[in-house]
Amino acid sequence: MTGDSKEKQNAEQVEKTRQPILKTLRVENLNDLVRKGLDLGYRVFAPVKDDRLVTFEQISSPEEAFLDGITSRTSPKSVLFPRTERIFSYKIRKDEIVVEDNADISQPTMIFGCRPCDAASFPIMDRLFQWDYQDRFWIERRKGMVIIAVSCLDCDDACFCTSVGLAPDSTEGSDILLTLVSRDQYLAEVMTEKGEDFAEKTGLFDEAGADLDKETATKAVREKLGKKFDLDKIKPWLDENYEHEFWAEVTRMCIGCGICTYVCPTCHCFDLVDEAHYDGGAKIKNWDACQFAAFTVHASGHNPRPDQISRHRQRIMHKYKYYPDNLGAVLCTGCGRCVRHCPMEVNLIRILKGISDMEKAGVGEE
Amino acid sequence: MTEEHAAAVQPTVAHSGGNGLENIYLPQLMVIQEITQETPDVKSMKLVFKDEEMQKNFSFRTGQFGEFTVFGVGESTFNICSSQTWKDHIECCFRKVGRVTSALWEMNEGEIIGFRGPYGNWYPVEKMEGQNILFIAGGIALPPVRCMIWHALDMRDKFKDITILYGARTVADLVFKRELEEWQKRDDVTIVTTVDPGGETPDWKGKIGFVPTVLKEVSPSSDNTIALVCGPPIMIKFTLPVLLEQGFAREDILTSLENRMKCGLGKCGRCNVGKVYICKDGPIFTAAAVALLPEEY
């Protein structure tokens, strides 16, 4: 079972991007696009408004999709990485245990109407799930998935995509990115072969004229977003300041509820538990969070991250230092959900602004 | 530790997932062949793969670990405490402390558990060959040392002097007692056992004192010597300075870190300490490597 090293496996990327092909889609055909997806046998997931909450759900008709919000409350990560999932089951017989690897993960899936920040989370997470050991649950679902994102024309105070190298109309992760460029027309940037294949199958896209430009359409929101901190200054400070009074200051209010990790499109920590029935059971993969004390506690009772300060620092370190160190990408897309939904108003933007300011000041002194 | 060794990554247990990639979370079935109660709350188990072919083809490196499933209860992480030189079975050793280990405690010989692995890196045996080896272990941390002790004893010619220092809180807490006696009888091994003050019995013939104190007393030479230290964090904390005082370089002190793990594959995030994943980059680290980590182990 031991043998060859698996280094080569990192070479394969799920996503292959290239020069976009520009097309257009008439606004009146948007519903038909979803309908086509459903007709072609895709499971379609989209933001759905239920009372006050907008969450990412599977839909069975285009009318269910809600595209007017800024970001949905929950992210589409659950489509590839469900909150809870059976990864195999087993039957316990008298003298034998039969393990059944019965996960059904290869259905074609369409993510419709997510924001560019959410689309960008997928290639970032690909790196982890392909890191040496290949997690088929993520990778195989990803292969059968087409992502049709819609550019933002508005933002709120919690949005900060432009501060982490993305934009309200960035194409990272999208197979097709739609940007509303006029009252009745979307510009469709077809980014991947998967996207091209899908666009062709629907027959709903037209060739785009050279006069179409998304920059004008997203200019206002881009200006409203501005830049909230200097990303280049974050990692250098984190590299040097694992111990710093700043951590206690900014995480003092954190109650460790873990909502930031729950709504985050890139938080991916999980737990593995057994669920037993009288004659068998299953192994279940559940979302977990570095914000919980039980996450790291040893069998002896010793906890290497014994307080909320160290646990909150871990979340920021992991996203802005460890992940870049190991996998070459910041584990954050600036969607702002953690800022929007923290019950204690712990504000990642304020924390990162504080860090980038300290780093700038520090460099100035030298 | 060579770079190659540190960067080495083990392949998964091979499973056919049916459609495309294998399911890396799927365990293999192992039969509990023999159970030994080591202390009032510690047992060790000999395990063989249910599938004979798999047993024949299985190989691992000394110091690696596995994920052990009690079906219906859960999964626990244990070091494979046998040596890679033993081909017909593997062993694990655990203290009854949580849900999974309590369930495992109740199991009988002949029953089936699940195993995923081997995971993680291993002892840098090539670097250790030709050197004196000083093994230091405390309490339940003998198993991750014991696998390397047997490895060295099975290839005795390749190593110079072998010294073992093993301490536990009380005489009753010493694990692998039969093997301690066996090592005591050998003339090619120096072994010192100790128990914490108050933990001795009337007929106790070993030393009385904490491991760092006894280490100072024994004062082993650091010349051409690799030290391998495993124990509770408090023991490591006080043993390390003694070794440094003794002249050991941090690069020549090895330990096996025991962070909480779930997947063992560098995905679930639990054992992430600094940029390191203990399950993937470890569990074996030099004291020099540990010194670079945030103190989250």
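Strand 7 (residues 145-150) of chain A is mostly covered, with six of its six residues buried. Strands here are DSSP runs of E with at least two residues, helices are runs of H or I with at least four residues, and both are numbered from the N terminus. A residue is buried if 20 or more other C-beta atoms, placed from the backbone, lie within 10 Å of its own; 12 or fewer make it exposed, and values in between make it partly exposed. The model is predicted: local features need pLDDT of at least 70 and side-chain atom pairs pLDDT 80 or more, whereas totals for chains, interfaces and linings use all residues. Residues are numbered from 1 along each chain as its sequence is written, and chains are lettered from A and ligands numbered from 1 in the order in which they are written.

In a regular strand, side chains alternate between the two faces of the sheet. Met145(A), Ile147(A) and Ala149(A) point one way from strand 7 of chain A. Val146(A), Ile148(A) and Val150(A) point the other way, and all are buried. Strand 7 of chain A runs parallel to strand 6 (residues 109-114) of chain A, joined by five bridges. Two strands pair if DSSP finds at least two bridges between them. Cys114(A) has Ala149(A) as its bridge partner in strand 7 of chain A. Strand 8 (residues 176-182) of chain A is also parallel to strand 7 of chain A, through three bridges. There, Val150(A) is partnered by Leu178(A).

The domain assignment divides chain A into domain 1 (7-225) and domain 2 (231-365). Such bounds come from an automatic or database domain assignment. The C-alpha centres of the two domains of chain A lie 25 Å apart. Their contact takes 33 residues from domain 1 of chain A and 28 residues from domain 2 of chain A. Two residues are in contact if their C-beta atoms, placed from the backbone, lie within 7 Å. On the domain 1 side, strand 4 and helix 3 of chain A each supply at least two residues. Strand 4 of chain A gives the most, with nine residues. This side has 17 nonpolar, eight polar and eight charged residues. Nonpolar covers Ala, Val, Leu, Ile, Met, Phe, Trp, Tyr, Cys and Pro; charged covers Asp, Glu, Lys and Arg; the others, Gly among them, count as polar.

Within chain A, the axes of helix 7 (residues 231-240) and helix 10 come within 10 Å and cross at roughly 85°. Axes are lines fitted to C-alpha atoms, for helices over the stretch in contact, and angles run from 0 to 180 degrees between N-to-C directions. Helix 7 and helix 10 of chain A are therefore roughly perpendicular to each other. Angles of 65 to 115 degrees count as roughly perpendicular, under 35 as roughly parallel, over 145 as roughly antiparallel and the rest as oblique. From helix 7 of chain A, Ile234(A), Lys235(A), Leu238(A) and Asp239(A) meet Met317(A), Tyr320(A), Lys321(A) and Pro324(A) in helix 10 of chain A. This contact has five nonpolar, no polar and three charged residues.

The contact between the chains takes 48 residues from chain A and 51 residues from chain B. Several elements of chain A each supply at least two residues to its side, including helix 3 (116-129), helix 4 (136-143) and helix 10 (308-327). Strand 11 of chain A gives the most, with six residues. The chain A side divides into 24 nonpolar, 12 polar and 12 charged residues.

Chain B holds an open sheet of six strands in the order 4-3-6-1-2-5, with antiparallel pairing. Strand 4 (74-79) and strand 5 (90-95) of chain B stand at the edges, each with a single partner strand, so one side of each is left without a neighbour in the sheet. The twist averages 40° from one strand to the next. Six bridges join strand 2 (residues 42-49) of chain B to the antiparallel strand 5 of chain B. Lys46(B) stands opposite Glu91(B) in strand 5 of chain B. Five of the six residues of strand 5 of chain B are buried.

Leu104(B) lies in helix 3 (residues 99-105) of chain B. Leu104(B) counts as buried because it has 25 C-beta neighbours inside 10 Å. Leu104(B) touches Val70(B) and Phe94(B), not counting residues up to four places away in sequence.
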